[in-house]
Amino acid sequence: MATVRFFRHHFHLAYLMLGLLEIVVLILSVYAGSFLRFFEDPNLVSAHIGVLEVRALVIAAVLYVCMQALGLYQPNLRDGMIGVLLRTIVAFVIGGVALTMVFYLWPTVFLGRGALLISLGLAFLIVLAVRAVFSQYINQNALRSRVLVLGAGNKANLVARRLRRKSDQRGFELSGYLPVLGQESLVEGKMLIRHSGSLLSIARKLGIEEIVVAVDDQRAGMPVKELLECKLAGVRVTDVLTFIEREAQRIDVSLLKPSWLIFSDGCGNRGMRRWSMRFFDVFASIMILAMTWPLMLAAVIAIKVSDGWRAPVLYSQDRVGHNGEVFRVHKFRSMIQNAEKEGAQWAQKNDMRVTRVGEFLRKYRVDELPQLFNIFMGEMAFVGPRPERPVFVEQLTNELPFYGERHRVKPGLTGWAQLNYPYGASVADSLHKLEFDMYYVKNNSLLLDVMILLQTVEVILFGRGR
């Protein structure tokens with residue numbers, strides 16, 4: 001199986017294997033770098049450095065986290081080898097700075113400058129070599145399951161639209177679409193399968209490992225007995241909504257029914273999850289406040305210098321939070337004063353109301369830092385759907401199905417939608433973001449929260465999303 005589910009989140013097997021391989025590479029590079037540093041007399045390693053096991057694990061962990069934060073384990077990464085090279089360089093630079101802080105706080109794991117530089121150099125070169133091989137290998141079919149879509153109508157066409165890019169098909173190889181007798185075909189002709197015979201014989205002939213059921217009218221065209229025959233023969237049978245959730249890591253709201261949510265795995269935060277989330281939010285907010293207060297002070301001074309010493313620094317606004325409760329969210333003011341004197345407006349990309357200082361604050365998310373106090377007070381979490389204004393929530397709840405369900409978890413400073421969808425400011429954009437928010441509501445876990453926070457670093461560094 002090319003995709004595995006771990007702590008509610010779907011991971012591509014190839015990228016899990018890549019991560020494990022690179023952790024091994026990072027660990028071995030520390031050993032190799034240390035012995036190369038004392039090549040003339042390897043016995044000096046223990047005398048000058050000491051035990052390598054803990055040092056190797058710490059260095060590998062820090063570098064792996066930095067690589068994760070730079071998006072190097074995202075299956076939908078479309079930057080090519082040049083992009084991978086740049087991200088790897090940035091990851092190792094940030095990792096070097098982070099290791100300096102670790103060595104300062106934990107001196108006993110210090111490796112020594114010479115051995116560390118050699119180790120980082122070796123690790124960088126080997127990681128790039130592994131990535132070059134992997135970029136060729138991942139586009140082959142070795143770790144991808146062969147998939148047949150049963151149906152060629154509206155639901156099947158959603159698969160074609162949602163998973164049309166090559167990077168979206170890293171976990172599977174789509175063999176084609178099998179039309180259902182008497183139902184409309186909307187999929188392009190070259191992808192249609194015209195084989196005759198039973199469903200199982202077609203699956204065996206094409207080497208199919210999974211059948212995705214995307215029949216528009218299940219009451220008049222669902223081959224139940226044939227699907228059961230395939231299931232008992234070892235072919236996986238998956239409904240189209242679950243397949244899109246797994247491969248696109250979003251929930252297609254147009255297909256969503258309450259019964260699917262009721263009987264599916266996930267949804268709901270039990271006691272332990274609530275306590276772990278709250279502890280994580282309080283601890284992380286205190287730590288980040290301690291690290292970013294100079295940046296916040298600089299933002300205050302910049303706003304005052306730009307807009308005048310009497311200009312307000314903070315902008316507070318009502319937002320809809322957990323279970324629909326309204327609270328006041330705080331930001332550094334990034335727009336001109338009285339920006340909404342004519343009423344509530346969608347924030348636009350390249351919004352003329354944004355000041356020059358505000359543009360910088362928004363690009364690098366500095367304007368969001370006062371929300372750390374909202375997190376500390378329990379009104380928000382670090383990770384969750386972005387809180388929206390009551391007037392827009394009312395509009396979107398009336399126009400978009402299941403929009404109100406995004407309030408089943410606390411709103412967040414960052415979220416799954418912010419990582420996966422670019423800047424949006426319309427009902428159509430809200431629909432696309434809702435699909436990612438619903439995935440988070442259903443599958444949220446502490447592991448997914450940590451992954452989102454790490455990948456938010458990439459968003460800030462490269463100025464993506466909002």
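A residue is called buried when its relative accessible area is under 20%. In this predicted model, Tyr 439 has a relative accessible area of 0% and is therefore buried.

**Aromatic pairs**

- Nine aromatic pairs are found when the whole structure is searched.
- One of them joins Phe 360 and Tyr 364 in a tilted arrangement, with 5.1 Å from centre to centre and 50 degrees between the planes.
- Phe 360 is partly exposed, at 49% relative accessibility, and Tyr 364 is also partly exposed, at 31%.
- Trp 416 and Tyr 439 form a stacked pair, with ring centres 5.8 Å apart and an angle of 25 degrees between the planes.
- This pair links distant parts of the chain, since Trp 416 belongs to helix H15 (residues 416–420) and Tyr 439 to helix H16 (residues 427–443), 23 residues apart.

**A charge over a ring**

- The ring of Tyr 73 has the charged end of Arg 131 sitting over it, 4.9 Å from the ring centre.

- Lys 331 is part of strand S8, which spans residues 326–332.
- Its relative accessibility is 16%, and Lys 331 therefore counts as buried.
- Apart from neighbours within four places in sequence, Lys 331 is in contact with several residues, including Asp 367, Glu 368, Arg 319 and Arg 386.
- Val 313, Leu 314, Tyr 315, Pro 370 and Gln 371 are also among the contacts of Lys 331.

Methods: Residues are numbered from 1 along each chain as its sequence is written. This is a predicted model: local features need pLDDT of at least 70, side-chain atom pairs count only at pLDDT 80 or more; totals for chains, interfaces and linings use all residues. Side-chain values use heavy atoms; hydrogens and water are left out. Rings of Phe, Tyr and Trp (its six-membered ring) pair if their centres lie within 6.5 Å; planes under 30 degrees apart count as stacked, over 60 as edge-to-face and the rest as tilted. Buried means under 20% relative accessible area, exposed over 50%, partly exposed in between (1.4 Å probe, protein chains only). Helices (H or I, at least four residues) and strands (E, at least two) are DSSP runs, numbered from the N terminus. A charge sits over a ring if NZ of Lys or CZ of Arg is within 6 Å of the ring centre and within 35 degrees of the ring normal. Contact means heavy atoms within 4.5 Å.
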